[in-house]
Amino acid sequence: MTQHLMGTAEIAERLGVSRQRVHQIETGDPTFPKPVAELSAGKVWETADIERWIAARRAPRPSGST
């Protein structure tokens with residue numbers, strides 16, 4: 001079954017970083033997706049939004065030489 005929502009722990013696991021680092025990214029990177037809800041257990045994000053953000057960060061960058 002595909003998970004449609006992710007919390008900080010799932011994002012941390014997906015990125016290979018700590019939950020604290022996810023919080024740093026969330027507060028410091030304006031391109032990081034906004035959570036879809038904030039529960040008593042913490043914020044949750046749409047998995048698709050997080051996967052798009054990851055893909056955009058890992059996209060090849062133009063070399064600048066033409």
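Me: Which residues of α2 are called buried, and what makes them one face of the helix?
Reply: Buried means under 20% relative accessible area, exposed means over 50%, and partly exposed is what falls in between (1.4 Å probe, protein chains only). In α2, Val 22, Ile 25 and Glu 26 are buried. Seen down the helix axis, they fall within an arc of 100°, so they line one face of α2; the arc is that of the directions from the helix axis to the C-beta atoms. A reminder: this is a predicted model, in which local features need pLDDT of at least 70 and side-chain atom pairs count only at pLDDT 80 or more, while totals for chains, interfaces and linings use all residues. Residues are numbered from 1 along each chain as its sequence is written, and side-chain values use heavy atoms, with hydrogens and water left out.

Me: Which exposed residues sit on the face of α2 turned away from its buried side, and what does that buried side pack against?
Reply: The face turned away carries the exposed residues Gln 20, Thr 27 and Gly 28. The buried residues of α2 pack against α1, β3 and α3, where contact means heavy atoms within 4.5 Å.

Me: Why are the buried residues of α1 said to be on the same side?
Reply: The residues concerned are Ile 11, Ala 12 and Leu 15, which are buried in α1. They cover an arc of only 100° around the axis, and therefore lie on the same side of α1. The buried residues of α1 pack against β1, α2, β3 and α3. Just after α1, Gly 16 takes a positive phi of about 75°.

Me: What makes a set of residues a nonpolar core, and which residues form the largest one here?
Reply: The set must consist of buried Ala, Val, Leu, Ile, Met, Phe, Trp, Tyr and Cys residues joined through side-chain atoms within 4.5 Å. The largest such core has eleven residues: Met 6, Ile 11, Ala 12, Leu 15, Val 22, Ile 25, Phe 32, Trp 45, Ile 50, Trp 53 and Ile 54. The elements that give two or more residues to this core are α1, α2 (19-28) and α3. As for Met 6, its contacts beyond four places in sequence are Ile 11, Arg 14, Lys 43, Val 44, Trp 45, Thr 47 and Ile 50.

Me: How do you know which helices and strands to count, and how many are there?
Reply: Helices (H or I, at least four residues) and strands (E, at least two) are DSSP runs, numbered from the N terminus. The chain has three helices and three strands, in the pattern β-α-α-β-β-α along the sequence.

Me: What makes two strands a pair, and in which order do the strands lie in the sheet?
Reply: Two strands pair if DSSP finds at least two bridges between them. Three bridges join β1 to β3, and three bridges join β2 to β3 (residues 42-46). Both counts meet the cut-off of at least two, so both are pairs. The sheet is open, with the order β1-β3-β2 and antiparallel pairing. Its edge strands, β1 (5-7) and β2 (37-39), each pair on one side only. The twist averages 35° from one strand to the next.

Me: Which residues are the bridge partners in β3 of Leu 5, Ala 37 and Glu 38?
Reply: Leu 5 has Glu 46 as its partner, Ala 37 has Val 44, and Glu 38 has Lys 43. β2 and β3 form a hairpin with two residues between them.

Me: Where does α1 lie on the sheet, and at what angle to β1?
Reply: Helix α1 (residues 8-15) lies across β1 and β3, at about 90° to β1. Helix α3 (residues 47-58) also packs on the sheet, touching β1 and β3, and its direction makes about 75° with that of β3. Axes are lines fitted to C-alpha atoms, for helices over the stretch in contact, and angles run from 0 to 180 degrees between N-to-C directions.

Me: Are Thr 47 and Ala 56 buried or exposed, and why?
Reply: Thr 47 has a relative accessible area of 16%, so it is buried. Ala 56 reaches 52% relative accessibility and therefore counts as exposed. Leaving out residues up to four places away in sequence, Thr 47 touches Gln 3, His 4, Leu 5 and Met 6.
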